[in-house]
Amino acid sequence: MVRTISDGIVISPIKNGTVIDHITPGEGLTVLRILGIRDGTNVTVIVASNVPSSRGGRKDMVKIENRELLKDEVDKIALVAPDATISIIRNFKVSVKKTVEVPKKIIGVIKCPNPNCITNTKEPVQSRFVVHPRGFRCQYCDSLISCEMDIGDYI
């Protein structure tokens, strides 16, 4: 199917790489930060922010040429965009498509907001969070990163 401008926004396809779609609106730049993509990168990156979604509502989308994501990167993205889909593109075609899953336990990824938590001292202890109905709870000090907080600030 050929899309025209009247169909909506047309975003260029990529030959090889990754498309992260259905990102929570406003979190596209957080996804780039999680992936370590900064200003001055030599990688082709396309970011669409707050665009209409076929599922209804709005979304962000990121396309990264010549890069396939690692599992730990996908797990981090799931924290800020739990409804995202990841598509691996090879030779302009979707080779693999999957929905992200928020892990039940998050180890060494989230920084605890409690400055007195053992994970924020000089002790060699990785942070450990569990998914909680209201957000993410530290297994050491019980601090909660609530759904109202920007989890991207703690990754």
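Are D21 and K59 buried or exposed? I looked them up first. D21 is buried, and K59 is buried too. I take buried as under 20% relative accessible area, exposed as over 50%, and partly exposed as in between, with a 1.4 Å probe and protein chains only.

Ground rules. I am working on a predicted model, where local features need pLDDT of at least 70, side-chain atom pairs count only at pLDDT 80 or more, and totals for chains, interfaces and linings use all residues. Residues are numbered from 1 along each chain as its sequence is written, and side-chain values use heavy atoms, with hydrogens and water left out.

Salt bridges. I require a side-chain nitrogen of Lys or Arg within 4 Å of a carboxyl oxygen of Asp or Glu. The structure holds 4 of them. D21 and K59 form one, at 2.8 Å from N to O. That pair links distant parts of the chain: D21 sits in strand β1 (residues 17-23) and K59 in strand β3 (residues 58-65), 38 residues apart. I use DSSP runs for helices (H or I, at least four residues) and strands (E, at least two), numbered from the N terminus.

Next I checked R90 and E68, whose side chains meet at 3.0 Å, N to O. R90 is in strand β4 (residues 85-90) and E68 is in the loop between β3 and α2 (71-80), so the pair ties together parts 22 residues apart in sequence. R90 is partly exposed at 39% relative accessibility. E68 is partly exposed at 39% as well.

D75 pairs with K71, with the closest N and O atoms 3.0 Å apart. Both lie in helix α2, 4 residues apart, which means a separation of about one helical turn. K71 is exposed, at 61%.

The unreviewed UniProt entry annotates C112, C117, C138 and C141 as "binding site". They spread over 30 residues of sequence, yet cluster in space, with a largest C-alpha distance of 8.9 Å. I note that UniProt positions follow the numbering used here, feature names are shortened, and annotations may be inferred rather than shown by experiment.

C112 lies in the loop between β6 (105-107) and β7 (128-132). C117 is in the loop between β6 and β7. C112 is buried at 3%, and C117 is buried at 1%. Beyond four places in sequence, C117 contacts (heavy atoms within 4.5 Å) C112, C138, Y140 and C141.

How many disulfides are there? With cysteine sulfur atoms required within 2.5 Å, I count 0. For C117, the nearest cysteine sulfur is that of C138, 3.7 Å away. The sulfur of C147 is 16 Å from the closest cysteine sulfur, in C112, so a bond is out of reach. C147 is exposed, at 56%.
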